[in-house]
Amino acid sequence: MQIIHTISELKEGVIISLQAIRANKMRSVLTTLGILIGIVSVTMMATAIEGVNRAFEKSASAFGSKILYVQKFSWVGNDDWWKYRNRKDLKVEYVDAVARQVTLADAIAPTVDAVKDVHFESHSMLSAWVTGTTSSYEQASGTTIEDGRFFSQEESDGGRPVCAIGANVAETLFPSTDPMGQTIKVGGYPYRVIAVFEKQGGLFGTFTSDNRIFIPLNSFLSDFGTHHGVSINVRVAKDADLDDAKEELRGIMRKIRHLNPGQEDDFSINEQDLLTNVFGQITGVIAGVGFFITGLSLFVGGIGIMNIMYVSVTERTREIGIRKAIGARRRTILFQFLAEAAMICLLGGIIGLIISYPLSLIASQVLPTAMPLSVVFLALLVSLFVGVISGFLPAYRASKLDPVDALRYE
Amino acid sequence: MDNTSVVINLQHIRKVYDMGGAEEVHALADVSLQIRRNEYVAIMGPSGSGKSTLMNIIGCLDTPTSGLYEFNGVNVSQMNDNQLAKVRNKEIGFVFQTFNLLARSNSLHNVELPLIYAGVGSAERKRLAHEALTHVGLGERVNHKPNELSGGQRQRVAVARALVNKPSILLADEPTGNLDTKTGEEIMALFEELHRQGNTIVLVTHEESIAEHAHRIIRVRDGLIESDKITVKNKTVPV
C-alpha cells in the first residue's frame, strides 16, 4: 500500500514537472543550458580520458602482461640516473645461467639493441631500432607475426643474415612491394626479410615492434660488436604467479651478480604493470583536474537551476496551497519540486549527450575511442544529481509553506 | 445528546497572531461550537470578524493557539503538518471562492488529485473521479481544462474534487463569490442536493441570501460567536 502510494506520488511529481517544463519551454531550455554545457564538457573529458587509456592499454600490451624484462635501467623512477648508469651491463652469458635455474618461466630471450640506418633500394629509414635476439623472442614478447615466420633456432645460433621487421619499417621501406624475401641493408649489412610483425600502434612507437628490426643475436654480435648491454625477456609460465616468478628471477640474478645479502640489486626487473601504474597516476591527475574544471561548469549550471526553482516555487505558491489544502504532505510537495529540477537537468543532460556524441566521433579520429556507455550513464546520473542537489533548497521552502498563507497568495 | 454524531467539536478555541513587538491580534477570542453529521451550517460575519480564521481552523489548515478541537472524536488541535494533511485529505472537502483548480490539468486530473494523495490506485482513481464529475453533472467535461469551462462548471469540478474522497464535511468558502447570481443559485441548489444525500456542509459567507440556504446560521464578530440559530429544523439529525 505504502509502495503504491509512493509510486503514484512519484508519477504525479514527474507529470507535474513535465507540465511545468512544457508551460515554460524557453525558460527551461535557457536554465538547462548551464547543465548542458557542463554535461558536454564532462562527457568529452571522460571520453578523452577513456580514449587515452585505451590507447595506452593497446600500447602496453606490446610488452605482454606476463613478461619480465631484466635490464640495467628501471622503466620508472630513474631519479638517481648515475646510480643506474654505473651499474654493470648485463651479459649474454646470463641467459644460459638464468635458463638453467629458473623454474617459473617457460621462455627466455636476450635482446641487444642498437640504432642503425636501414635501406632498401631507394627507400631508407634512418635511426631504426635494431634488436638482436634469439628464436625464443617470439614467445618471450607481446608481439604477433602477421606474415612469414620468426627465425628458427638454427638461424639464430648460426647467425644467419635474416630479419623480422616491424609494420612501420615494412611500410617505410616497401611502400609498394612485398617485403617478404627481399634483402635490406641494416647498418650496411644485408639481411633477408622473413617476417613482418602485426602493427601494434599506440603511444610507444619506439618500444613496440612497429619501428624495430629483429635479427639473430649472433649476427648482431658479429656485425655490430659485443659491447652493447643485454636485456633479458623472461616469460612467466602460464600457471605461475608473476610476483613469485619475479622473486625467483631476482634471486637468480643476485646469485649471478654475486651480491651479498645486504647489497642492493644492481639490475632492474621491469614489467608492464610498472608502466600501467605510472600511467594510471598521470591520467588520474589529469582526470582530477579535468573533472574539477568541468565540475565548476556544472556547479554554475546548478546555481542557475536553483535560482529558477526559487522563481518557480514563488510563482506557484497558490498551487502549493491548493495541493496542501487537499492533502499533499510536505514530502509530496518536496518531491514535486525536486522532480521538476531533476527533469530540467535531465533534459540538459540528454541534449548534452546528443551534442557530445558527434563530437566524440570526431575525437575517435585521433584517439581509439567512442563514447562508452558508462559515460552516457554517468552523464545522466550527474545531471540528475545536480538537479536534486540544486532543487533541494527551493523544494524544501515550498514544502514548508503554510497552506493558509499560500492560498491567500496572489 | 448523541456524541457519536458530532463531527466538529470546538472548545474554547483561541487564535492569537503575533504581529511583532508587543502587538497581538486576537483573531478568535473564545469560540466553542459543535457541528453534527448532516448539518448544513453557515458561518457569517463581516471581514475582520475572525470567520476566516475559524474556517481555517475547522478546515485543519491552521491550528488554534489554545483550546480543544476534536474532529470525529479525534483531537486534531496539536497535530503536526503531516497529520493535518492526512485529515484534510480524508475528512475535509474544500470548495473555494476562486475555485482553485490546477490550470494545467483537466477536470478528471483535478478531481483525481486528492485520491493521488490518498494513495488510491490509478484505475480506481479514474473511476471515482469520473463518478464524482458525473455526480455534479459534468460527466461530459472530464477532458476539459479549467479555462475551457464556465465559472459554474469550474465550481462544479471543485465540488467534485471536494467530494471524491467521501469527506466528513464539505467546507465551502464563499462558493458563489465569483459567480453571477443565476450560476450562484445553481451551485447552491447543488449544495442542497448534496445535503439531502447526507453530506455535512459548512458554508462561510458574508451574503445573507447565500446563508439563508443553510439550516443553521452562526454569526461571528470580534472573534466571538455572536449568535447561533437554527433556521430550518433538520429532520434527520435533530439538534
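The contact between the two chains takes 20 residues from chain A and 22 residues from chain B, two residues being in contact if their C-beta atoms, placed from the backbone, lie within 7 Å. On the side of chain A that touches chain B, the elements giving two or more residues are α1 (2-23), α10 (317-325), α11 (330-363) and α13 (403-408) of chain A. Helices (H or I, at least four residues) and strands (E, at least two) are DSSP runs, numbered from the N terminus. The largest share of this side, 7 residues, comes from α1(A). By type, the residues of this side of chain A divide into 9 nonpolar, 5 polar and 6 charged; Ala, Val, Leu, Ile, Met, Phe, Trp, Tyr, Cys and Pro count as nonpolar, Asp, Glu, Lys and Arg as charged, and the others, Gly among them, as polar.

The model is predicted: local features need pLDDT of at least 70, side-chain atom pairs count only at pLDDT 80 or more, and totals for chains, interfaces and linings use all residues. Residues are numbered from 1 along each chain as its sequence is written, while chains are lettered from A and ligands numbered from 1 in the order in which they are written.

**Chain A**

The secondary structure of chain A comes to 13 helices and 10 strands. Its radius of gyration is 32 Å, well over the 22 Å that the globule rule gives for 410 residues, so chain A is more spread out than a compact globule. The radius is taken over C-alpha atoms, and the globule rule is 2.2 Å times the number of residues to the power 0.38. Along the principal axes, the C-alpha atoms of chain A fill a box of roughly 100 × 55 × 40 Å.

Chain A is divided into domain 1 (2-59 + 277-408) and domain 2 (88-266), with bounds from an automatic or database domain assignment. The C-alpha centres of these two domains lie 54 Å apart.

Strand β8 (residues 212-216) of chain A is mostly covered, 5 of its 5 residues being buried. A residue is buried if 20 or more other C-beta atoms lie within 10 Å of its own, exposed if 12 or fewer, and partly exposed in between. Two strands pair if DSSP finds at least two bridges between them. The pairings of β8(A) are set out below.

| Strand of chain A | Sense of pairing with β8(A) | Bridges | Residues standing opposite |
|---|---|---|---|
| β3 (residues 123-133) | parallel | 5 bridges | A:T131 and A:F214 |

**Chain B**

In chain B, 4 strands form an open sheet in the order β2-β1-β4-β5, with antiparallel pairing. Strands β2 (24-36) and β5 (74-75) of chain B stand at the edges, each with a single partner strand, so one side of each is left without a neighbour in the sheet. Strand β1 (residues 6-18) of chain B is joined to β2(B) by 9 bridges, and B:L10 has B:L33 as its bridge partner in β2(B).

Helix α3 (residues 107-118) of chain B is largely enclosed by the rest of the structure, because 11 of its 12 residues are buried. Among them are B:H109, B:V111 and B:E112. After α3(B) comes B:G119, whose phi is positive, near 85°.

**Nonpolar cores**

A nonpolar core is a set of buried Ala, Val, Leu, Ile, Met, Phe, Trp, Tyr and Cys residues joined through C-beta atoms within 7 Å. The largest has 111 residues, and those with the most contacts inside it are B:I43 and B:A160. Helix α11(A) gives the most to this core, with 14 residues. Apart from it lies another core of 55 residues, including A:F120 and A:Y191.
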